[in-house]
Amino acid sequence: MEYDWRIYNKKADFKAMGERLGVDPVVVRVIRNRDVEDERGMERFLYGGEAELPDPKLLRGTDLGAEILEKKIREGKKLRIVSDYDVDGVTSCCILMDALTRLGADVDYDIPDRIQDGYGINPRIVEKAAREGVDTIITCDNGISALPSAELAKEKGITYLVTDHHEPQETLPPAAVLIDPHLPGETTPYVEICGAVVAWKLVMVLAERMGKPFATDEYLDYLATATVCDVMPLLEENRILVREGLRKLTETRNTGFRALITATGLEGKTISTYHLGFVIGPTINAMGRLGSAKRAVELLLTKDEEFAAERAAEMKELNDSRKSMTEAGVRRAEEMLKEPLDEVIVLHVPELHESLAGIVAGRLKERYWRPVIILTDVSEKDKYPVKMYCGSARSIPGYNIFEKLSGVSELMDHFGGHPAAAGLTIPAENLEEFRTRLNRDTGIPPEMFRPRLMIDVPMPMEYAYMRLAEQLAALGPFGTGNEPPVFAERGMEVLGMRIFGKNRNVMSLRLKAASGRINEVLSFDPEGFQKDIKVWFDDEKCDKIKSGIASGVRLDVAYQLEINEYNGTRSLRFMLKACRPSEA
């Protein structure tokens, strides 16, 4: 993929600050590039722990929510949690269920069916709660846009509490309390938190109010999983929660998580953000996509090891099936693309499972680097008087998909989401107008269609040393908002390449710097590298590189620095992030 290379240009006295903080100036530059401006903030970034977490009561509404719930619990009222069906919703539900039960509440939960109900609480769920004598509904990871449900709950005399983290729309639902960090006038110091963190803050305030305070590290395994899987920025309190949560997950006492770790082949490994985002998270999500998210909640709340092992194996098998269905859906969607591509891709993909639209949209967004909306047929056709499509949107940085959908809201039955992702339902007859209007004056400049590659420090590889690599590793966990540091060196001569690995998918490049220093750089995309060399130069030069013959090819190389541990030996490893023809 062709990147738009940029170098961070943030200023500070890196050398002096490095000396005071006890780290290399390069490390200070990396932290500064994460928008940490002052030395105290850098110290927290380097050394901060659970003590640095903000008071949960700073999240507006938690005090009132706790007051209401304490009264309901002491009166023995029937409470019901209504969560979303994704990882954030499942973990939010688990936190609320476990905490409220421990605090003596008469509580159960309900989760919308992805196909039958769509996203979030709906009037059907409220009607059911009313029939079953529920006094209080607590939403988690949804509810901030569910006006009809809130109005019906009020009509039925049900106390309605919303805990959510999605963007509110102009009209807010009538509720006893709204707890959402994106509401106007919010007082919590960091608003980019997931639904599970919002729910956790509420129960922490409630437990303290009831004289049964929970330890700060309660539910860290849930919080880390939700934060990573909901793609929250790994900065401020999120970074602390994920870092501490990863430590807890590696030795977790949660029966369900242990079973998931075993079923997915991670037993004995140190759990990382990659494992959460691409192994454990998708396995939890698969149940909400192709089965019932309630079964995932049952797994994460159980104490029965035999049940947990059986359920985790079932979820792993379901996720494997989901992967195959996704690949088929991506192929069908790509076959429908027409050149030139629209700036905002809008596709109706017949027969695609509704739950996979978001994944397919995400794959196309990454491949073509533009906003993508994937729609499919609504399976519950009897719910609507006209033919309807439903689906998901995924966007690129700088294009607020939620805001853009708000501008054409009259064309849709309903929608909701974030600046980067959204869900929607739309009458089929409105599809072409919808596509046309979204592509009219998109405001996307040409350079936005190339992903931006931000270089933290232009740094020759020969500067790297083990202590620097250790200090850089301590800046993790890495993910959205706190990407692994990227360095770059200009004008490196390509001396040769070696391809190896069981699937021939690992490449080692021998590169010679202007100083004469030779380093090896690893890549897991040898095929892509060879294609680029042939495009930038020619087939002959590519063949020479493969044969180790001088080709004269010089590249600018963007790389990441890692520590490789093998058979008790530690060494530096350079990983190829990107390259381009050098003008040096």
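**View 1. G391 and its bridge partner in strand β11.** In this predicted model, G391 is paired by a bridge with L424 of β11. Strand β9, residues 388-394, is joined to β11 by seven bridges, and the two strands run antiparallel. Strands of a sheet pair through backbone hydrogen bonds, in either a parallel or an antiparallel sense.

**View 2. Strands β10 and β11.** L424 of β11 also stands opposite F415. Strand β10, made of residues 414-417, pairs with β11 over four bridges in the antiparallel sense. Three residues form the hairpin that joins β10 to β11. Strand β11 itself covers residues 421-427 and is mostly covered, with six of its seven residues buried.

**View 3. An open sheet of five strands.** The order of the strands in this sheet is β3-β2-β4-β5-β6, and the pairing is parallel. At the edges are β3 (106-110) and β6 (177-179), each of which pairs on one side only. On average, neighbouring strands of the sheet are turned by 20 degrees against each other, direction ignored.

**View 4. Helix α6 on the sheet.** Helix α6, residues 123-131, packs on the five-stranded sheet. The helix touches β2 (78-83), β3 and β4 (136-140). The direction of α6 makes about 165 degrees with that of β2.

**View 5. Strands β5 and β6.** Strand β5, residues 159-163, runs parallel to β6, and three bridges join the two. Within this pair, T163 stands opposite I179 of β6. β6 is one of the edge strands of the sheet.

Technical notes
Residues are numbered from 1 along each chain as its sequence is written. This is a predicted model: local features need pLDDT of at least 70, side-chain atom pairs count only at pLDDT 80 or more; totals for chains, interfaces and linings use all residues. Side-chain values use heavy atoms; hydrogens and water are left out. Buried means under 20% relative accessible area, exposed over 50%, partly exposed in between (1.4 Å probe, protein chains only). Two strands pair if DSSP finds at least two bridges between them. Axes are lines fitted to C-alpha atoms, for helices over the stretch in contact, and angles run from 0 to 180 degrees between N-to-C directions. Contact means heavy atoms within 4.5 Å.
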